[in-house]
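Take a moment with the sequence and the fold. Then follow the side chains, one group at a time.

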Amino acid sequence: MTRRKLLNIELGRVSAQEYKELPESGIVLVLDNIRSAHNVGSAFRTADSFKIDKVWLCGICAVPPSAEIHKSALGAEDSVEWEHVDDTMEAIIRLKSEGYVVLSAEQTIGSVMLDEFSPQQGQKYAVVFGNEVSGVRQDVVDASDMVIEIPQYGTKHSLNVSVSVGVVLWHLRSRLPI
(Lines give C-alpha, C1' and ligand atoms only; values in the text may rest on other atoms or scores of the structure.)
Protein backbone atom coordinates (compact mmCIF):
# COMPACT_ATOMS: atom_id res chain seq x y z
CA MET A 1 0.00 0.00 0.00
CA THR A 2 1.27 3.46 -0.92
CA ARG A 3 1.14 6.12 1.74
CA ARG A 4 1.98 9.20 -0.25
CA LYS A 5 1.64 12.38 1.73
CA LEU A 6 -1.21 14.54 0.50
CA LEU A 7 -0.48 17.87 -1.10
CA ASN A 8 -2.09 20.93 0.47
CA ILE A 9 -4.33 21.29 -2.58
CA GLU A 10 -5.67 17.75 -1.96
CA LEU A 11 -6.76 18.47 1.62
CA GLY A 12 -9.99 20.21 0.62
CA ARG A 13 -9.54 23.08 3.04
CA VAL A 14 -12.09 25.87 3.12
CA SER A 15 -11.23 29.52 2.60
CA ALA A 16 -11.34 31.99 5.50
CA GLN A 17 -14.67 33.27 4.17
CA GLU A 18 -16.10 29.74 3.81
CA TYR A 19 -14.92 29.00 7.37
CA LYS A 20 -16.95 31.94 8.67
CA GLU A 21 -20.04 30.57 6.91
CA LEU A 22 -19.79 27.07 8.46
CA PRO A 23 -22.23 26.17 11.24
CA GLU A 24 -21.15 27.20 14.72
CA SER A 25 -19.57 24.61 16.98
CA GLY A 26 -20.93 26.10 20.21
CA ILE A 27 -17.39 26.31 21.61
CA VAL A 28 -15.37 29.46 22.31
CA LEU A 29 -11.86 29.81 23.64
CA VAL A 30 -10.97 32.27 26.42
CA LEU A 31 -7.29 33.12 26.86
CA ASP A 32 -6.66 34.56 30.32
CA ASN A 33 -3.54 36.76 30.22
CA ILE A 34 -1.40 34.60 27.92
CA ARG A 35 1.96 36.39 27.77
CA SER A 36 3.43 34.75 24.64
CA ALA A 37 2.16 35.97 21.29
CA HIS A 38 3.38 32.67 19.85
CA ASN A 39 1.08 30.77 22.23
CA VAL A 40 -1.79 33.08 21.22
CA GLY A 41 -1.04 32.34 17.57
CA SER A 42 -0.93 28.62 18.23
CA ALA A 43 -4.30 28.86 19.99
CA PHE A 44 -5.75 30.58 16.91
CA ARG A 45 -4.40 27.86 14.64
CA THR A 46 -5.83 25.12 16.85
CA ALA A 47 -9.15 26.97 17.14
CA ASP A 48 -9.35 27.11 13.34
CA SER A 49 -8.52 23.42 13.05
CA PHE A 50 -11.40 22.44 15.34
CA LYS A 51 -13.84 25.12 14.02
CA ILE A 52 -14.05 27.02 17.27
CA ASP A 53 -16.46 29.95 17.03
CA LYS A 54 -14.42 32.69 18.69
CA VAL A 55 -11.25 33.42 20.62
CA TRP A 56 -11.51 35.84 23.52
CA LEU A 57 -8.18 37.56 24.17
CA CYS A 58 -8.13 38.87 27.73
CA GLY A 59 -5.80 41.17 29.62
CA ILE A 60 -2.19 41.12 28.44
CA CYS A 61 -2.79 38.80 25.47
CA ALA A 62 -1.32 40.07 22.23
CA VAL A 63 -3.90 40.86 19.56
CA PRO A 64 -3.82 40.75 15.77
CA PRO A 65 -2.32 42.10 13.68
CA SER A 66 0.95 40.83 15.11
CA ALA A 67 3.92 39.25 13.35
CA GLU A 68 4.45 36.92 16.32
CA ILE A 69 0.82 35.76 16.31
CA HIS A 70 0.88 35.31 12.54
CA LYS A 71 4.06 33.22 12.70
CA SER A 72 2.23 30.55 14.73
CA ALA A 73 -1.32 31.11 13.51
CA LEU A 74 -0.44 30.94 9.80
CA GLY A 75 -3.43 33.16 8.99
CA ALA A 76 -5.95 31.56 11.37
CA GLU A 77 -6.24 34.93 13.08
CA ASP A 78 -8.10 35.99 9.91
CA SER A 79 -10.55 33.07 9.87
CA VAL A 80 -11.44 32.77 13.56
CA GLU A 81 -13.47 35.60 15.05
CA TRP A 82 -11.81 37.25 18.04
CA GLU A 83 -12.38 39.94 20.60
CA HIS A 84 -10.15 41.57 23.21
CA VAL A 85 -11.36 42.59 26.66
CA ASP A 86 -9.23 44.14 29.37
CA ASP A 87 -10.44 41.81 32.11
CA THR A 88 -11.17 38.10 31.79
CA MET A 89 -14.12 38.40 34.18
CA GLU A 90 -15.81 40.73 31.67
CA ALA A 91 -15.69 37.93 29.09
CA ILE A 92 -16.90 35.33 31.60
CA ILE A 93 -19.88 37.46 32.64
CA ARG A 94 -20.85 38.10 29.01
CA LEU A 95 -20.49 34.45 28.04
CA LYS A 96 -22.56 33.23 30.99
CA SER A 97 -25.29 35.73 30.08
CA GLU A 98 -25.28 34.17 26.58
CA GLY A 99 -25.84 30.67 27.98
CA TYR A 100 -22.30 29.31 27.86
CA VAL A 101 -21.08 26.80 30.43
CA VAL A 102 -17.67 28.08 31.51
CA LEU A 103 -14.97 25.42 31.85
CA SER A 104 -11.56 26.38 33.22
CA ALA A 105 -8.66 24.14 32.33
CA GLU A 106 -6.76 24.09 35.59
CA GLN A 107 -5.58 21.88 38.45
CA THR A 108 -7.83 22.44 41.47
CA ILE A 109 -9.45 20.65 44.34
CA GLY A 110 -12.55 19.05 42.83
CA SER A 111 -11.50 19.35 39.20
CA VAL A 112 -12.93 16.79 36.77
CA MET A 113 -10.41 14.80 34.77
CA LEU A 114 -10.83 15.52 31.09
CA ASP A 115 -11.26 11.85 30.18
CA GLU A 116 -14.23 11.74 32.61
CA PHE A 117 -15.92 14.83 31.14
CA SER A 118 -18.57 14.36 28.45
CA PRO A 119 -19.89 17.54 26.83
CA GLN A 120 -23.64 17.65 26.34
CA GLN A 121 -25.11 17.94 22.85
CA GLY A 122 -26.64 21.38 22.29
CA GLN A 123 -24.80 23.02 25.19
CA LYS A 124 -22.45 25.93 24.48
CA TYR A 125 -19.02 25.86 26.13
CA ALA A 126 -16.46 28.57 26.88
CA VAL A 127 -13.10 27.04 27.75
CA VAL A 128 -10.64 29.17 29.71
CA PHE A 129 -6.87 28.69 29.54
CA GLY A 130 -4.54 30.64 31.80
CA ASN A 131 -1.22 32.38 31.94
CA GLU A 132 1.88 30.30 31.28
CA VAL A 133 3.19 30.81 34.84
CA SER A 134 0.20 31.45 37.10
CA GLY A 135 -2.57 29.62 35.22
CA VAL A 136 -6.21 30.68 35.26
CA ARG A 137 -6.85 33.51 37.73
CA GLN A 138 -8.49 32.33 40.96
CA ASP A 139 -11.49 34.64 40.56
CA VAL A 140 -12.06 33.19 37.07
CA VAL A 141 -11.78 29.65 38.46
CA ASP A 142 -14.31 30.62 41.15
CA ALA A 143 -16.70 31.99 38.50
CA SER A 144 -16.40 28.88 36.31
CA ASP A 145 -19.16 26.30 36.17
CA MET A 146 -16.63 23.48 36.18
CA VAL A 147 -12.88 22.95 36.22
CA ILE A 148 -11.45 20.32 33.92
CA GLU A 149 -7.97 18.89 34.30
CA ILE A 150 -5.81 17.06 31.77
CA PRO A 151 -4.56 13.80 33.30
CA GLN A 152 -0.77 13.67 33.41
CA TYR A 153 1.44 10.76 34.35
CA GLY A 154 5.04 11.99 34.28
CA THR A 155 7.22 14.05 36.57
CA LYS A 156 6.00 17.42 35.27
CA HIS A 157 2.71 18.86 36.39
CA SER A 158 1.96 21.15 33.50
CA LEU A 159 1.80 21.37 29.74
CA ASN A 160 2.49 24.34 27.52
CA VAL A 161 -0.77 26.28 27.23
CA SER A 162 -0.89 25.78 23.46
CA VAL A 163 -0.61 22.01 23.94
CA SER A 164 -3.37 22.11 26.57
CA VAL A 165 -5.61 24.01 24.13
CA GLY A 166 -5.11 21.26 21.54
CA VAL A 167 -5.79 18.42 23.96
CA VAL A 168 -8.97 19.94 25.41
CA LEU A 169 -10.42 21.13 22.09
CA TRP A 170 -9.78 17.75 20.49
CA HIS A 171 -11.56 16.08 23.40
CA LEU A 172 -14.61 18.35 23.10
CA ARG A 173 -14.85 18.11 19.31
CA SER A 174 -14.34 14.34 19.29
CA ARG A 175 -17.40 13.95 21.51
CA LEU A 176 -19.69 16.47 19.82
CA PRO A 177 -21.08 15.98 16.31
CA ILE A 178 -19.64 18.29 13.70
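How many disulfides does a search of the whole structure find? The answer is 0. Keep in mind that this is a predicted model. Look at Cys58 to see why. A disulfide needs two cysteine sulfur atoms within 2.5 Å. Cys58 is buried, with a relative accessible area of 0%. Cys61 is buried too, at 5%.

Now turn to charge. Side chains of opposite charge can pair when their charged atoms come close. In this model the count comes to 9 salt bridges. One of them joins Lys51 to Asp53. Their closest N and O atoms are 3.8 Å apart. Both of these residues are buried.

Another salt bridge joins Lys54 to Glu83, with the closest N and O atoms 2.6 Å apart. Lys54 lies in strand β2 (residues 54–58), while Glu83 lies in strand β3 (residues 81–85). The pair therefore ties together parts that are 29 residues apart in sequence. Lys54 counts as buried, at 12% relative accessibility.

Next, find Asp145 and Lys96. They form a salt bridge, and their closest N and O atoms are 3.4 Å apart. Asp145 sits in the loop between α6 (138–143) and β7 (146–149). Lys96 sits in helix α5 (residues 88–97). This pair ties together parts that are 49 residues apart in sequence. Asp145 is partly exposed, at 44% relative accessibility. Lys96 is also partly exposed, at 36%.

Is Ser79 buried or exposed? Ser79 counts as buried, because its relative accessibility is 5%, and buried means under 20%. Its place is in helix α4 (residues 76–79). A polar contact of 2.6 Å joins its side chain to that of Asp48. Setting aside neighbours within four places in sequence, Ser79 is in contact with Ala16, Tyr19, Lys20 and Asp48.

Finish at the surface. Leu159, Val163 and Val167 form a nonpolar patch there. Together they have about 200 Å² of accessible area. Val167 lies in helix α7 (residues 161–175). Val167 counts as partly exposed, at 32% relative accessibility.

How values were computed. Residues are numbered from 1 along each chain as its sequence is written. This is a predicted model: local features need pLDDT of at least 70, side-chain atom pairs count only at pLDDT 80 or more; totals for chains, interfaces and linings use all residues. Side-chain values use heavy atoms; hydrogens and water are left out. Buried means under 20% relative accessible area, exposed over 50%, partly exposed in between (1.4 Å probe, protein chains only). Patches are made of residues with over 30% relative accessible area and no salt bridge: like charges are joined within 9 Å, nonpolar side chains (Val, Leu, Ile, Met, Phe, Trp, Tyr) within 5 Å. Accessible areas come from the Shrake-Rupley method with a 1.4 Å probe; for residues, only the protein chains shown count as cover. A salt bridge is a side-chain nitrogen of Lys or Arg within 4 Å of a carboxyl oxygen of Asp or Glu. Helices (H or I, at least four residues) and strands (E, at least two) are DSSP runs, numbered from the N terminus. A polar contact is a pair of N or O atoms within 3.5 Å; within protein, one must be able to donate a hydrogen and the other to accept it, and residues adjacent in sequence count only if both atoms are side-chain atoms. Contact means heavy atoms within 4.5 Å.
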